[in-house]
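Please read these points with the model open beside you.

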Amino acid sequence: MSSSPTGSGKTGSPVLAKLIRDRRHQLGMSRQDLAEVTGVPYSTIAQIETAYRGVSPSRLGVIARALQLDPADLYDVLASEPTPTSTRAEGTRPRQAAGRDDDSWHTNPAYLAATRAREAAAPSGPPAVTVLPEPDIVSRAVELLSQLPAGRRLEALGKVQARLLSDLVQHEAQRITHPDYQ
C-alpha cells in the first residue's frame, strides 16, 4: 500500500471522508445502510469514511447518488486536494526525493502554470451540501417504496423503521457519551 505524504499510511482524502460521513449522518443513515444501498462492502465504506483508503471514481459516483449529492461536487473535493506530487518542491523529480537520479523526468512549465492557476481559482473547503426539505425526502421514500410489489411494501417499511430507530438510538448514545459528537 502506498502511504500518504505525511507517512501515515492512509491514502484517502480526510476532507472527502468527513463530507461523506457528515452527509450520511444528516440523512440518518448508518454505514450498513449506505453499504446496502450502494452495494459497496461495509468495510470499504468504513475505510473511505476514515480516510484509510481512497475511493474509485465509479464508487464515488454510486456513493454520491446514494447520499443525494452531485457526484461532480465530490470529484471536485478530490481534485482540490494536494497530491503527493503537488506537494514537492518545484522542479524536484519524484525519484530524486528518494535519493535516486532519473533523467527521464522533466518538469513541464506549461503544466505547472496550469496547475497553479487551477489551484488558485479553486474554492477553499468542501462544497456546500444541499439537504432536501423533509416533504421531498418523504415523497422520495414513498416513490421508492411504491416500486415494490404491494405485498412487500409493509415488510420494507418495517425494515426502514427498524433501521432508522436503530440509527437514532446509536446516534443518541454517541451524543451522550461523546459531547463533541454531532
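The numbered points below start with the ground rules and then go through the structure.

1. This is a predicted model, in which local features need pLDDT of at least 70, side-chain atom pairs count only at pLDDT 80 or more, and totals for chains, interfaces and linings use all residues. Residues are numbered from 1 along each chain as its sequence is written, and side-chain values use heavy atoms, with hydrogens and water left out.

2. Start with the largest pocket. It holds about 1100 Å³ of space. A pocket here is an open set of points on a 1 Å grid over the protein atoms alone, where a 1.4 Å probe fits, with protein on both sides within 12 Å along at least five of seven lines; lining residues have an atom within 4 Å of a point. The volume is the space filled by probe spheres set on the points, which are joined across faces, edges and corners.

3. The lining of the largest pocket has 28 residues, and Met 29, Val 37, Ala 141, Leu 144 and Val 160 are the closest to the centre. Two or more lining residues come from each of α2 (31–38), α4 (57–66), α7 (134–146) and α8 (150–177). Helices are DSSP runs (H or I, at least four residues), numbered from the N terminus. α8 gives the most, with 9 residues. By class, the lining has 15 nonpolar, 5 polar and 8 charged residues. Ala, Val, Leu, Ile, Met, Phe, Trp, Tyr, Cys and Pro count as nonpolar, Asp, Glu, Lys and Arg as charged, and the others, Gly among them, as polar.

4. Now look at α2 against α3 (residues 42–49). Their axes come within 9 Å and cross at roughly 120 degrees. Axes are lines fitted to C-alpha atoms over the stretch in contact, and angles run from 0 to 180 degrees between N-to-C directions. Arg 31, Gln 32, Leu 34, Ala 35 and Thr 38 of α2 make the contact with Tyr 42, Ile 45, Ala 46 and Glu 49 of α3. Contact means heavy atoms within 4.5 Å.

5. Asp 33 also sits in α2. Is Asp 33 buried or exposed? Asp 33 is buried, with a relative accessible area of 9%. Buried means under 20%, exposed over 50%, and partly exposed in between (1.4 Å probe, protein chains only). Leaving aside neighbours within four places in sequence, Asp 33 contacts Gly 28 and Arg 163.

6. In α4, the buried residues are Leu 60, Gly 61, Ile 63, Ala 64 and Ala 66. Their cover includes α1 (14–26), α2, α3 and α5 (71–80). Val 62, also in α4, is partly exposed at 30% relative accessible area.
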